[in-house]
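Take a look at the chain below. The walk-through that follows starts with a question about a single residue and then moves out to the fold.

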Amino acid sequence: MQTPYAYPQENGHRSDVRWADITADGGEGLHVEGDPVFGLTVRRWTSEQLENARHPTDLHPADRTWINLDHGVHGAGSASCGPGVQEKYWLRPVPASLRLVLAARS
């Protein structure tokens with residue numbers, strides 16, 4: 001679920017996910033359901049490792065999978081080399097609730 005950009009950056013996030021199964025080769029894993037929906041990012045390194053990487057070769061897949069489950073994510077764009085985030089995609093602090101169901105898969 002990642003794109004190997006020349007300069008590592010956030011990517012791979014999926015929005016409006018209702019459910020997801022994240023499984024290993026043997027079939028064991030995790031089932032996630034959201035009420036109503038959630039954001040999902042799955043990768044083999046942490047967000048901090050991604051932020052500190054300057055080249056794709058700086059990212060070394062771990063022996064575990066890192067899963068980020070989000071209620072909301074601010075839109076893409078930093079105005080560093082193009083336009084900033086359009087106002088309709090701003091993530092604003094407002095009361096919110098999210099219910100997740102996590103179940104082991106074997």
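Is asparagine 52 buried or exposed? Asparagine 52 is exposed, because its relative accessible area is 56% and the cut-off for exposed is over 50%. The model is predicted, so every value here is computed from predicted coordinates. Asparagine 52 belongs to helix 1, residues 47–52. In sequence, asparagine 52 and proline 8 are 44 residues apart. In space, their C-alpha atoms are 8.7 Å apart.

Serine 47 is also in helix 1. Serine 47 is partly exposed, because its relative accessible area of 25% falls between the 20% limit for buried and the 50% limit for exposed. Leaving out residues up to four places away in sequence, serine 47 touches Glu10 and Asn68. Serine 47 and proline 93 are 46 residues apart in sequence, and their C-alpha atoms are 22 Å apart.

Now step back to the whole chain. The protein chain has one helix and four strands. Read from the N terminus, the order is β-β-α-β-β. Along the principal axes, the C-alpha atoms fill a box of roughly 45 × 40 × 15 Å. The chain has 106 residues, of which 20% count as buried. Take the contacts between residues at least 6 apart in sequence: 55% of them join residues at least 24 apart.

How are the strands put together? Start with strand 1 and strand 2. They run antiparallel and are joined by seven bridges. Strand 1 covers 14–23 and strand 2 covers 29–43. Together they form a hairpin, with five residues between them. In the turn, glycine 27 has a positive phi of about 100°. Across the pair, isoleucine 22 stands opposite leucine 30 of strand 2.

Strand 4, residues 99–105, pairs with strand 2 in the antiparallel sense over seven bridges. Here histidine 31 has alanine 103 of strand 4 as its bridge partner. Strand 3, residues 66–70, is joined to strand 2 by five bridges, and these two also run antiparallel. In that pairing, leucine 40 has leucine 69 of strand 3 as its bridge partner.

Most residues other than glycine have a negative phi, and most peptide bonds are trans. Aspartate 16 is not a glycine, yet its phi is positive, at about 55°. Aspartate 16 lies in strand 1. Aspartate 16 counts as exposed, because its relative accessibility is 57% and exposed means over 50%. The other detail concerns the peptide bond between aspartate 35 and proline 36. That bond is cis, with omega at about 10°. Proline 36 lies in strand 2.

Which residues make up the largest nonpolar core? There are seven: Val17, Ala20, Ile22, Val32, Phe38, Leu40 and Val42. Strand 1 and strand 2 are the elements that give two or more residues to this core. Strand 2 gives the most, with four. In soluble globular proteins, nonpolar side chains tend to be buried together.

Valine 32 is one of the core residues. Set aside its neighbours within four places in sequence. Valine 32 is then in contact with Arg18, Trp19, Ala20, Ile22, Phe38, Leu69, Leu100, Val101 and Leu102. Among these contacts, Ala20, Ile22 and Phe38 are also listed in the core.

Last, the empty space. Rolling a probe the size of a water molecule over the atoms shows where empty space is left. The second largest pocket holds about 200 Å³. Its lining consists of Ile22, Thr23, Ala24, Asp25, Glu28, Gly29, Leu30, Thr65 and Ile67. Four of the lining residues are nonpolar, three are polar and two are charged.

Notes: Residues are numbered from 1 along each chain as its sequence is written. This is a predicted model: local features need pLDDT of at least 70, side-chain atom pairs count only at pLDDT 80 or more; totals for chains, interfaces and linings use all residues. Side-chain values use heavy atoms; hydrogens and water are left out. On a 1 Å grid over the protein atoms alone, a cavity is a set of points where a 1.4 Å probe fits but cannot get out, and a pocket is an open set with protein on both sides within 12 Å along at least five of seven lines; lining residues have an atom within 4 Å of a point. Grid points are joined across faces, edges and corners, and a volume is the space filled by probe spheres set on the points. Ala, Val, Leu, Ile, Met, Phe, Trp, Tyr, Cys and Pro count as nonpolar, Asp, Glu, Lys and Arg as charged, and the others, Gly among them, as polar. Two strands pair if DSSP finds at least two bridges between them. A nonpolar core is a set of buried Ala, Val, Leu, Ile, Met, Phe, Trp, Tyr and Cys residues joined through side-chain atoms within 4.5 Å. Buried means under 20% relative accessible area, exposed over 50%, partly exposed in between (1.4 Å probe, protein chains only). Contact means heavy atoms within 4.5 Å.
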